[in-house]
Amino acid sequence: MPSFATTTAPISRRYDVVDALRGLAMVWMTVFHFCFDLSHLGFWPQDFRTDPFWTLQRTGIVSLFLFCAGLGQAIALHQGQGWPRFGRRWGQIALCALLVTLGSAIMFPRSFIYFGVLHGMAVMLVIARCTAGWGRWLWLAGLVAVLLPPLAHYLLSGAGALAELAPWFNSRALNWLGLVARKPYTEDYVPVFPWLGVMWWGLASGQWLLAHRPSLLQWQLPAGGALLAGLGRWSLSYYMLHQPVMLAILAGVVWMRT
């Protein structure tokens, strides 16, 4: 099977279907965060940490984001994107991840975000790019990545010898791997495992589509889908701006009420 890491194409283009999927994730995330902000400001108290209604939605949103990131890497590599261009985009993501950490430290000093979705994406994108040549083995690698955290939790929280290692893996120095006995107390936590598995599946799906069903990526979207695609093209900027804007609006409402 040819390596997609070295495949080149003469024309670089975007696929509206992938952008629309990313845009759908943005809309879903916005609704989720708006509900979170309502709860945080006392308008509508909800349990976002343990209620399955919210935790499962968060899983779905992050999964869609990372799957689209994997699709995007498959397309970028197929079109011959070099390391310099990848590095520029990666630098933007890494800088935004740092800003998220600083901003969350101001708002949530006890549970600030030190390895959230952007932090995880910065690490996983490098891994995905370096492993793109695995081809069909990416499917198996993704399955292993998804199964590793529950296995680690079982081994580290039991009574065996590996339980002695739990404090190390639970510490902030290593819990970004996701191989923990308990999840850390933080506002956003997207460790390498299991989420790298979702990105690997997105990468494998993109490679398969480009090789066998490219017409699916070129599907003409209806009007609503075109709007989502437009939003998906500005995903990083939107991600960074939507929460400050919503919080400012809601804080204004609180101020007017009091």
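Visitor: Is D19 buried or exposed, and what is its relative accessible area?
Guide: Happy to start there: this is a predicted model, where local features need pLDDT of at least 70 and side-chain atom pairs count only at pLDDT 80 or more, while totals for chains, interfaces and linings use all residues. Residues are numbered from 1 along each chain as its sequence is written, and side-chain values use heavy atoms, with hydrogens and water left out. Buried means under 20% relative accessible area, exposed over 50%, and partly exposed in between, with a 1.4 Å probe and protein chains only. D19 therefore counts as buried, because its relative accessible area is 2%.

Visitor: What N to O distance is found in the salt bridge of D19 and R14?
Guide: A salt bridge here is a side-chain nitrogen of Lys or Arg within 4 Å of a carboxyl oxygen of Asp or Glu. R14 is partly exposed, at 46% relative accessibility. Its side chain meets that of D19 with an N to O distance of 2.7 Å.

Visitor: How many residues apart are R22 and D19 in helix α1?
Guide: Helices are DSSP runs of H or I with at least four residues, and strands are runs of E with at least two, numbered from the N terminus. R22 and D19 are both buried, and their side chains form a salt bridge at 2.8 Å, N to O. The two are about one helical turn apart in helix α1, because their separation in residues is three.

Visitor: Which parts of the chain does the salt bridge of E187 and R49 link?
Guide: The side chains of E187 and R49 meet at 2.9 Å, N to O. The partners are 138 residues apart, with E187 in the loop between α6 (166-170) and α7 (192-212), and R49 in the loop between α1 and α2. E187 is partly exposed at 23% relative accessible area, and R49 is partly exposed at 42%. The linked parts are thus the loop between α6 and α7 and the loop between α1 and α2.

Visitor: Which residues does A20 contact, leaving aside neighbours within four places in sequence?
Guide: A20 lies in helix α1 (residues 16-40) and counts as buried, at 9% relative accessibility. Its C-alpha atom is 9.2 Å from that of G224, which is 204 residues away along the chain. With contact meaning heavy atoms within 4.5 Å, the partners of A20 are L221, G225, L228 and A229.

Visitor: Why is the pair of F32 and W54 edge-to-face?
Guide: Rings of Phe, Tyr and Trp (its six-membered ring) pair if their centres lie within 6.5 Å; planes under 30 degrees apart count as stacked, over 60 as edge-to-face and the rest as tilted. The whole structure has 10 aromatic pairs. The centres of F32 and W54 are 5.9 Å apart, and the pair is edge-to-face because its planes stand at 70°.

Visitor: Where do F32 and W54 lie?
Guide: Both residues are buried. They are 22 residues apart and link distant parts of the chain: F32 is in helix α1 and W54 is in helix α2 (residues 52-78).

Visitor: How far from the ring centre of Y114 does R172 lie?
Guide: Y114 is buried, at 14% relative accessibility. A charge sits over a ring if NZ of Lys or CZ of Arg is within 6 Å of the ring centre and within 35 degrees of the ring normal. R172 lies over the face of Y114, and its distance from the ring centre is 4.5 Å.

Visitor: Which helices do the buried residues of α3 pack against?
Guide: The buried residues of α3 include F86, I93 and V100. They pack against α2, α4 and α10.
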